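Here is my note on this structure, point by point. Please keep the sequence and the 3D view open while you read.

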Amino acid sequence: MASEKAPLPFVYTFMAGAIAGVSEATHIDFGHTRVQLQTGKAAAGADTYNGMFDCFSKIIRNEGFSRLYRGITAPILMEAPKRATKFAANDKWGKFYRELFGQTQMTQSLSVLTGASAGATESFVVVPFELVKIRLQDKASAGRYNGMIDVVVKTVRNEGILAMYNGLESTLWRHILWNAGYFGCIFQVRQLIPKAETKQGQMTNDIIAGSVGGTVGTILNTPMDVVKSRIQNTVKVAGQTPKYNWAWPGVATIAKEEGFGALYKGFVPKVLRLGPGGGILLVVYTGVMDFFRNMREAKGL
């Protein structure tokens, strides 16, 4: 969230976001990607998962433990620029909207609008990495690609360069919803809890605010995450309209064919990461920004 303390140049907010993102990154999303790509009602078989533990156990038993880390390079490489863009864009959009609406301080509505705008900005960084990750992690694609570079080469050669941005619209919605919920909740929670008098108290407040924000953001955006995964895993064929093509129609299709609960496939591991992960993000970002601020003050800048 954009700091209300002394402002810092863009490069510092970008660097702080990158450091926060690397600190928060984990490898748990392989399982939730597999579950999200599973279509139809649950049935018996090695390729059907009844939950995250069932998913992990079947992957290890049938494909080997190393399969859990297939496609993990893409999200690792994505994490730093993704989080850096998130916080830097939130800071810039915050300043823009405060000036636009004549506000000297951030408000609840502006924090939601700012977060949504930052999420939209972040999406353009995320889409190619997400597409590579999903195509590597889907079992049906296991023999089609030899690695991250191979996914890019084959996707561009067979589907065109713009195919690397398949799912951009659904990704925009996913990040708009998550960031609006995240930054909006951070603002609201900070208003509701007692103001911290110590650095430890500030960290505790940030953990609480960020965790609430991460949880609410995940509740809001998981349906779009499910749709996005399916859109990006669909290889486009000339003359054919994909089953999952646009975000909101995709939501309606999944709800109609598989039930509303299918829109929350993979929710448990996602919220277990992004709930507390949202708190970690905020604590690390705030701490790094304070470090940069103190460093500049010591140098008289």
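1. Start with Glu130. Glu130 is buried, at a relative accessible area of 4%. Buried stands for under 20% relative accessible area, exposed for over 50%, and partly exposed for the range in between (1.4 Å probe, protein chains only). Glu130 forms a salt bridge with Lys133 through their side chains (3.4 Å, N to O). A salt bridge here is a side-chain nitrogen of Lys or Arg within 4 Å of a carboxyl oxygen of Asp or Glu. Lys133 is buried too, with a relative accessible area of 4%. The two residues are three apart in helix H5, so about one helical turn separates Lys133 and Glu130.

2. A word on the source. This is a predicted model, in which local features need pLDDT of at least 70 and side-chain atom pairs count only at pLDDT 80 or more, while totals for chains, interfaces and linings use all residues. Residues are numbered from 1 along each chain as its sequence is written, and side-chain values use heavy atoms, with hydrogens and water left out.

3. Now the whole chain. The protein chain has ten helices and zero strands. Helices (H or I, at least four residues) and strands (E, at least two) are DSSP runs, numbered from the N terminus. Of its 301 residues, 50% count as buried. The accessible surface of the protein chain is about 13800 Å², and carbon and sulfur atoms own 66% of that. These areas come from the Shrake-Rupley method with a 1.4 Å probe; for residues, only the protein chains shown count as cover. Take the contacts in the protein chain with a separation of 6 or more: 78% of them come from residues 24 or more positions apart. Contact means heavy atoms within 4.5 Å.

4. How many salt bridges does the structure hold? The structure holds 15. One of them joins the side chains of Arg293 and Asp290 (3.0 Å, N to O). Both residues lie in helix H10, three residues apart, about one turn of the helix. Both Arg293 and Asp290 are buried. Elsewhere, salt bridges that share partners link Glu130, Lys133, Arg174, Asp225, Lys228 and Lys270 into one network.

5. Asp91 counts as buried, at 6%.

6. Return to helix H5. Glu122 lies in H5 and is buried, with a relative accessible area of 0%. Beyond its neighbours within four places in sequence, Glu122 is in contact with Lys82, Arg83, Thr85, Lys86, His175 and Asn179. Arg135 also has its place in H5. Arg135 counts as buried, at 1% relative accessibility. Its C-alpha atom is 9.9 Å from that of Arg230, which is 95 residues away along the chain.

7. Helix H6 spans residues 148-159. Its twelve residues reach 16 Å from first C-alpha to last, close to the 16 Å expected at 1.5 Å a residue. The expected span is 1.5 Å times one less than the number of residues. Which residues of H6 are buried? They are Asp150, Val151 and Thr155. These cover an arc of only 125 degrees around the axis, which puts them on the same side of H6. The arc is that of the directions from the helix axis to the C-beta atoms. Helix H5 is included in what covers them. The face turned away from the buried side carries the exposed residues Ile149 and Arg157. After H6 comes Gly160, whose phi is positive, near 100 degrees.

8. Last, Val271. Val271 sits in helix H10, residues 267-298. Val271 counts as buried, at 15% relative accessibility. Leaving aside neighbours within four places in sequence, Val271 is in contact with Thr215, Thr218 and Pro276.
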